[in-house]
Amino acid sequence: MTLGLGLDTGGTYTDAAIIDLDCNKVLYCTKSHTTREDLSIGLRSVMMKIPQEYLPKIGVVSLSSTLATNSVVEGKGCRVGLICIGSEYDNAVRSDFSVVISGGHDLHGDESKPLDMEVAKEFLESVKGKVDGLSINGFLSVRNPDHENRIKELAKSIMDVPVICGHELSSGLGFNERTSTSIMNARLIPIIDDLIKSVKKVMEELSIHAPLMIVRGDGSMMGEDIAKERPVETIISGPAASLIGAMMLTGQKDAIVMDMGGTTTDIGILRNGRPRLDPEGAIIGGKRTRVMAADIETSGIGGDSRILVNGPNMILSSLRVMPVCLASTEWEFVHDYYRRLSTIISKPSPPSLGEDNIVLDCEMFRTLRMPNANHVITPSDMSLLELLAEHPYSLNEAGEALGIHPMNFNIHKLESLGFIQRIGVTPTDILHAEGSYTEFDTEASSAAVTYLASRMGSNEDSFIKEAKSRIKYKLCLELMKVVYHEEGGHQLSDIAENMLKKAVFHEGNKDYSCSITLNQPIIGIGAPSGVYIRWVGEAFNTPVLIHEYSGVGNAIGAITSSISEVLEILIKPETIGATESKIEVFSKMGSVKYDSMDEALENAENEGRKYVQEAIDRSGAEDVSISVEIDRSTFKYGNSMDYGDDNPLVEIHMTIRAAGKPKQFRR
């Protein structure tokens, strides 16, 4: 028996799952809190929980992580030099040093301008020792990568840093998007490298001698060496792993997957056993990339989302806080505070105050980490951080203990920088106060919910009912956006939202009512899904599948996925409709021209098969299968007229995909 270890670092928890790879049976699973300041701490914590008897039998380890996505959004990473060939870049993602040199190709792959090697050499000499990675991007390099490859060879002879070319990451047109992607990739190289080293260090401590795989954003695996070269491909790997885990646990190849964690709910669609991909490339931090990743809609609603009131209004915030019920079980001081919460005289918040600046008496704070020398922190804020490091305090009690007025603390700044975390009422507390989920301190949750209800002039039961309705509608709305987007829509109209509310709450008026049924089942992934995702199924009269191991679905997906390598090849006549025309072939391998289409197709497939076989071998795959898909585009005269065989060929898209399973450690 050979076992696989799946690992996933989510926004709230780091999960681990042990799988019997011979029969895909889950043998053990566990969780630890994700340590955002250093993911390796949480990974080490969860790996140390694995029972000793399983460790010698682990033959492969696979990791999915939020690290790449978070690093791009937060602008973290190493120093990057950028060389643009033949075109200016729009600086959507900034580099540390950059230069534009002469060169580039046209749409046929022919050189449009000669490459200026001298200017490139001067730039490389000037940034030597000042950058940790280099990005090289040529205009229309996807038609001919020769200029990028020549500059890469020059860079390697001058500098000892990772070098990435735009054509190596994407075969799609779009110079700016391809350049942004390669800059992100260069920045991420040392970050992913450190994460891999951390995981391998723990593997060594536990005597786990097995290959380490990393999950891509499309749900497939790649070897650690490939991940170090192309870390940008790990963007959205966590949500993608949840889609694979959902399919493995339920056997459903066509479904809507809702992965609800503590921080967010990720919604994706399975089509024929594969995650539906975003055809334009993933959008990260508001920036379009050329990374082929699962088409995931992320909504800021999770089990740890903050619920607050401002005047008579209830607000469901996207801010992740620590649930009152959980904090009360971890600190006796917190438990005592909520026991006497009803005796605390509450002060109203100004109605015009933004939700980020509202601090309620039912909320407390704890220190997550201390600032370093690069952070500018006031003496008052530093005193607060030191106090909260002992145990959580409410803001008023912290002010009294320090002799500082609470208004002098920069709570929003400390929170946004990740130095402190708020403890407050969450959807998890709503379930505890209701009594439908009672794993932690129900008394504390009930006290906090009663406090919020009183601020709204309501009672606990009415508050719980309203909160559940808001959570349910939010999840249903986000799901409908995904389904509607699949049909080509982008924004629900007022009429559509009115119909949705009637369907969700099964209500109507004297004139009409409405119901919605989905054509695919919903699979719930994540610890809170057993309750919340079932609400969505009830609203839409749709089956909901919740597996007993859904709480670690991402980790299960990480280890049960397949290794995959894909090569896109474009084949087209040099002149459309001409009887005598050269056939052009473009891919990462370069550009070639042939005398006939048959010759072009045969050679493209043969060379493409060799390319993906070599690539997948680098990731350590076995039992490899290679498939070839061909999509022909012809020219149609007018709007709809079809002249049959007389329609001239515009282009052929050939997709060559190699898939296999990771080679297991053999004893």
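The sulfur of cysteine 23 sits 15 Å from the closest cysteine sulfur, that of cysteine 29, which is too far for a bond; a disulfide here is a pair of cysteine sulfur atoms within 2.5 Å. Cysteine 78 is likewise in no disulfide, the nearest cysteine sulfur, in cysteine 165, being 16 Å away. By this rule the count of disulfides is zero. This is a predicted model, in which local features need pLDDT of at least 70 and side-chain atom pairs count only at pLDDT 80 or more, while totals for chains, interfaces and linings use all residues. Residues are numbered from 1 along each chain as its sequence is written, and side-chain values use heavy atoms, with hydrogens and water left out.

Relative accessible area (1.4 Å probe, protein chains only) is called buried under 20%, exposed over 50% and partly exposed in between. Cysteine 78 is therefore buried, at 9%, and cysteine 23 counts as partly exposed because its relative accessibility is 47%.

H6 covers residues 175-205, and its 31 residues should span 45 Å at 1.5 Å a residue, which agrees with the 45 Å between its end C-alpha atoms. The expected span is 1.5 Å times one less than the number of residues. At leucine 188, shortly before proline 190, H6 has a kink of about 40 degrees, the bend being the angle between axes fitted to the seven residues ending there and the seven starting there. Serine 207, which follows H6, has a positive phi near 60 degrees.

Key
Helix = DSSP H or I, 4+ residues; strand = E, 2+ residues; numbered from the N terminus.
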